[in-house]
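Here is a short briefing to read alongside the model. Please take a look at the structure first, and then we can walk through its packing together.

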Amino acid sequence: MGTLKISRRKFSSSFKSKVVIEALKERESLQELALRYELHVNQISKWKQEFLSNSSIVFTQKNREKDDSINKDELYSKIGRLEMENEFLKKNLNLFEDL
């Protein structure tokens, strides 16, 4: 006898987010959402808990991106200054070698 292989369904993060946001709106019960999206109520509850426990990351990520962009701007500015100084020194090196 051959074994029947049942593969699990995989859901994208955008689908999970959509379902969780609908659950958070509480316009429909979890049972109604489960029927509409062909999921088990426990799965929706699990995604909802995961979403809520990780929600603070959204605000942390924004601050981190701002810090990174500030650092990048400062670094690019410094690189530009150093390149200009390097070119200046290269051009004027010949003047000092002749002495």
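The buried residues of α3 pack against α1 and α2, where contact means heavy atoms within 4.5 Å and buried means under 20% relative accessible area, exposed over 50% and partly exposed in between (1.4 Å probe, protein chains only). Helices here are DSSP runs of H or I with at least four residues, numbered from the N terminus. This is a predicted model, in which local features need pLDDT of at least 70 and side-chain atom pairs count only at pLDDT 80 or more, while totals for chains, interfaces and linings use all residues. Residues are numbered from 1 along each chain as its sequence is written, and side-chain values use heavy atoms, with hydrogens and water left out.

**Helix α3**

- The buried residues of α3 are I44, W47 and K48. They cover an arc of only 100° around the axis, which puts them on the same side of α3; the arc is taken from the directions from the helix axis to the C-beta atoms.
- On the face of α3 turned away from its buried side you will find the exposed residues N42, K46, Q49 and S53.
- With 13 residues, α3 reaches 18 Å from its first C-alpha to its last, close to the 18 Å expected at 1.5 Å a residue (the expected span is 1.5 Å times one less than the number of residues).

**Helix α2**

- In α2 (residues 30–37), the buried residues are L33, A34 and Y37. They cover an arc of only 100° around the axis, which puts them on the same side of α2.
- The buried residues of α2 pack against α1 (13–25) and α3 (41–53).
- E38 follows α2 and has a positive phi, near 55°.

**How the helices cross**

- The axes of α2 and α3 come within 8 Å and cross at roughly 105°. That makes α2 roughly perpendicular to α3; angles of 65 to 115 degrees count as roughly perpendicular, under 35 as roughly parallel, over 145 as roughly antiparallel and the rest as oblique.
- Axes are lines fitted to C-alpha atoms, for helices over the stretch in contact, and angles run from 0 to 180 degrees between N-to-C directions.
- From α2, L30, Q31, L33 and A34 meet V41, I44 and S45 in α3.
- α1 and α3 pack at an angle of about 90°, with their axes 9 Å apart, and are therefore roughly perpendicular to each other. On the α1 side the contact is made by F15, K16, V19, V20, A23 and L24, and on the α3 side by I44, W47, K48, F51 and L52.

**Aromatic rings**

- Rings of Phe, Tyr and Trp (its six-membered ring) pair if their centres lie within 6.5 Å; planes under 30 degrees apart count as stacked, over 60 as edge-to-face and the rest as tilted. By this rule the count comes to four aromatic pairs.
- The rings of F11 and W47 have their centres 5.3 Å apart and their planes at 75°, so this pair is edge-to-face. The pair links distant parts of the chain, 36 residues apart: F11 lies in the segment before α1, and W47 in helix α3.
- F11 counts as partly exposed at 25% relative accessibility, whereas W47 counts as buried at 7%.
- F15 and Y37 also form an edge-to-face pair, 5.7 Å centre to centre with 80° between the planes. This pair joins F15 in helix α1 to Y37 in helix α2, 22 residues apart.
- F15 counts as partly exposed at 22% relative accessibility, while Y37 is buried, with a relative accessible area of 12%.
- Ring pairs link F11, F15, Y37 and W47 into a cluster.

Key. Helices (H or I, at least four residues) and strands (E, at least two) are DSSP runs, numbered from the N terminus.
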